[in-house]
Amino acid sequence: MTYEFLVASSIGVLVAAGIYLSLRARTFQVVLGLTLLSYAVNLFLFASGRLVLNRPPIWDKAVSEYTDPLPQALVLTAIVITFGMTAFVVILALRSFLETGSDHVDGDSVPCDDSDTEKGE
Amino acid sequence: MAYALTLYTLVALPFVAALLIALVHGASRGLHSGLAGAASTGGLALLAGLAAPVIGGEVPSATLSWVPALGLDLTLMVDPLGLMFAGLILGIGLLVVIFAHFYLYKGEDTGRFFASLMLFQGAMLGIVLAGNVLLLLVFWELTSLSSFLLIGFWQHKAEGRQGARMALAVTGGGGLALIGGMVLLGTVAGSFDLATILQRGAQVQASPHYPVILGLILLGCFTKSAQFPFHFWLPHAMAAPTPVSAYLHSATMVKAGVFLLARLWPVLSGTDLYTVIVTSVGLITMVFAAIVALFRHDLKSILAYSTISQLGLLVMLLGFSLEMAALAAVLHILNHAAFKAALFMAAGIVDHETGTRDIRRLGGLAKAMPVTAVIATLAAASMAGLPPLGGFISKEMMLYETPEVALFGLPWLVPVLATIGATFSVGYSLRLAWHLFFGEPRDPEPFARAHDPATGMWAPSALLTVLAVLLGLMPMLLAAPLVGAVTGAVIGGAAPEFDLALWHGVNLALILSTIAVAGGALMLWRHAALLRAWESVSHRDAKRMFDAVLGFADTWVRKAIIAVHTPSLQRMLFATVAVIVALIIDGALAGGGAFTGTRPGITASPPAIMAWALLIAATAAVVNDSRQRFRVLIYVSVIGLVVSLAFVRFSAPDLALTQISVEVVTILLLLLALNLLPKAPPVLSSTPRKWRDGALAVVGGVLVGGVSWAMLTREPGASISAYHLANSKPGGGGTNVVNVILVDFRAFDTLGEIIVLGIAGLAIYALLYSTARGSAGARLRSWQEDMPHSPERHPMMFVMASRIALPLTLTVGIYLFLRGHNQPGGGFIAALVIAIAFLLQYLAAGYDWTDTRRRFGEHQMIGWGVLTAMATGLGALAFGANFLTSTFGYFYLPLIGKFELASAMLFDTGVFLTVFGAVMLTLAQLSHIAQRAARAHAEAQASLAAQEDAS
């Protein structure tokens, strides 16, 4: 088993779980789904620099080979921004729950129209 | 360019006046009307200076480049056509300002009125003086908007608001068509410069786009000039104050369409298509509106329909595509402006002094208001086309031209219909004057009140009526030079030979004219019988039809929106994900090539495989157990931990540090939020939907995983990373390339990112700050603690340990910050670590204890952070470098030795402050809310217990 396979399959599993959860009806599950998707996206962006062992992008006279620093810089800010986004969505969900008394993503606990047979979650 | 200043001043004057009036809008009516009058007078003076050269054949113009990429230049030009219209706009504008000064009632918002009026005047001047068709469109739209303000000036009246909205919908909608037509015209002609376009008539008419251009432009003209079937907005616009009607509907707004037809005459006219459409629309409008006008009872409504009819006449004349007909149109524009403005003002006077505009309640007013009677009767006679007034000459010329046009191959059609229209014109004009001023008063009450108004109120209409009379008595002296020059400008060549006179001998036109006058007199005589006949037939109400169309559009637009945009996040997200999945499949199929690339893989170590299995298991657990929310948070943190480990393994120490600290903060956030959210909501999901979503999720996961695999097994393309690695130390002064990229190479991105983060923090604060109020506040106060609490709220060991840990953690944070330029660390990571140190205090010792010891404001930190980062960037400008260029140097201090200082460090301080502020603001506020809810809960419990004790 190669690291490449491990990373690729992890990304795939995280994406699948993220999509499934973000399609749920409760705000908290959607937040969880977005969190998992964010892991996947950050890993994917990071992986675009390819997987390299033991060559951190810390410049040294004696070293000539490094891993790609650019995806790392992008992902670093992405991780922090992910926190900002998650926090915002969580607070939005909380506020919406406090305003309406329901944590359904569409703001109410009843289905939005009759053709929709499912009742939440 | 000698005239540039004059031209720009001319167009700018009304706008400046509008601005000034708006600025002093609380001042007296005299100041408002004075400013408006001064602007109009000033404009007239400037125009007078241009009149001699323009009539002499010169075309003063000026150009300023505005948006050259679009071909939009600020070009103004005055040719005789523009001169005539500008004169009407300013001249009648001045008279309307005087009239309105006396007309408006006490306590009305004169500032708003005159400011809107001047805005409109400026827009109209812009239309007639624009030398670039795109500029013309800008002003065209501006007239629609400013006329909306004027028509709806009496905002408290429903019909005013509805009339304004209808006018805007119709003229604005036509304006959209006009934009399309003009842009197409400019594209076909190869220029948006008006003078150039006018030269290229043949080129435009030969183009296959000509019918489309013609249709769209005519749509704009016909809606603006209230031509059938778009005429209905004009009568409803009569809800406006009378000065507005006098201005907009005599000489300006509705004439804009006629103006544009005349303006583009050389380009558009002459084809069969043009002649048939324009002539028949004009003819139908003229006859139809004249018939309706005969049977209206509201003075302004009669005038509105007569205006529609007269506009139809003008459109028809221009549609003939004959030079003499164009000349007749030009003359009639002058006549109509004079008599119609006078009549509107007279109607306003009658309304003002009797309290009613219903012609059935008026009559015999000549005795009570003789001055008004003389003015209005003369103006009405000119409208009827009776000799020796101006209207007679232009109507004669019109009738003279009618046999020249054989519409649909029928040479008699146009003369017969035109004569019918003229007959009804005579009818409604005579009826207006006769029923208003002669005979017996029909209602004693308004008659008793009636009297002539102050001189200032009747003088403007008197002046216009004198003009209407003189245009008949000495047309050659008064109008011929202007009319000749204007006609030349319209047809784009020399005007034909003409002789304006009352008597041309006995010819067909005179016979038709006599028939019309006789017929009109007959209609006045038998008006009561005709009215009965008219009223016995039911008529379609255009307003109701308009409302029905609007309602229809409204319903279907709503349905369409609901069809494509269900108010359900689940469905929208499903659709979005499905589209993305489809795009990936499409890309994969189109790309071709092998699934697995040639890059050799790295064999994974057993611990790594275990970590991977842990991640997969945790992910599965999150999905499977997503209702057990606290437990799920543990699974999520396991995932985060494995991701951090992956970063460590794959040579990304900075990322690992960031991920692990963000992980802590995120879990804290979710814990705090979950405290207030439902912990384990009931399962209500339907199985089919779960399967459907699950299928989509699996497909999406397999695809993205496959894409990752395909990417990871291929060699990367050439990237700019080599540059960053090579220049990090010599150019940025740091060995941690990731940090140097963040604070130096791509510092602008980072600046944007911390600003976004700061905004998110402030938005969260705003969302939480206001939860105390309204239904959210009530729900928060009635919040029930649903989790078992430890009896010891703040365990001593934890409190003490966290206090000891604080200075240590701070030291670690500062260390990470300081070494960040050369070793893993930096502003982002340090901020998160230090935030965790403080959050630990909140956790251990409680919100209140910690909050009272807090010495910094998170809002200010966000602000100062962004400002510091920006100031660092701007500092580079002071040294002549680009924004955000960094510099560094090495310094020696005794004891410490050699050390490095980089300006990027200052930037990183900004990053640190913003991130720290945003994180703290979010979490501290959230725990504050939770604290408040818990306290309310405790108080409620206590009072409940007290009540039980008492009973």
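How many residues does helix α20 of chain B have, and how far does it reach from its first C-alpha to its last?

**View 1. Helix α20(B), end to end.** In this predicted model, α20(B) covers residues 413-437, so to speak: 25 residues reaching 36 Å, close to the 36 Å expected at 1.5 Å a residue (that is, 1.5 Å times one less than the number of residues). Helices here are DSSP runs of H or I with at least four residues, and strands are runs of E with at least two, numbered from the N terminus. Since 20 of its 25 residues are buried, α20(B) is largely enclosed by the rest of the structure; buried means under 20% relative accessible area with a 1.4 Å probe, protein chains only. After the helix comes Gly439(B), with a positive phi near 75°.

**View 2. Helix α18(B) against α20(B).** The axes of α18(B) (residues 370-384) and α20(B) sit 8 Å apart, at an angle of about 170°. That makes the two roughly antiparallel (over 145 degrees between N-to-C directions).

View 3. Strands β1(B) (residues 61-67) and β2(B) (residues 72-77) pair antiparallel over six bridges; pairing takes at least two DSSP bridges. Thr63(B) has Thr75(B) as its bridge partner. Four residues lie between the strands, and Gly71(B) in the turn has a positive phi of about 80°.

Residues are numbered from 1 along each chain as its sequence is written, and chains are lettered from A in the order written. Local features need pLDDT of at least 70, side-chain atom pairs count only at pLDDT 80 or more, totals for chains, interfaces and linings use all residues, and side-chain values use heavy atoms, leaving out hydrogens and water.

How values were computed:
Buried means under 20% relative accessible area, exposed over 50%, partly exposed in between (1.4 Å probe, protein chains only). Axes are lines fitted to C-alpha atoms, for helices over the stretch in contact, and angles run from 0 to 180 degrees between N-to-C directions. Angles under 35 degrees count as roughly parallel, over 145 as roughly antiparallel, 65 to 115 as roughly perpendicular and the rest as oblique.
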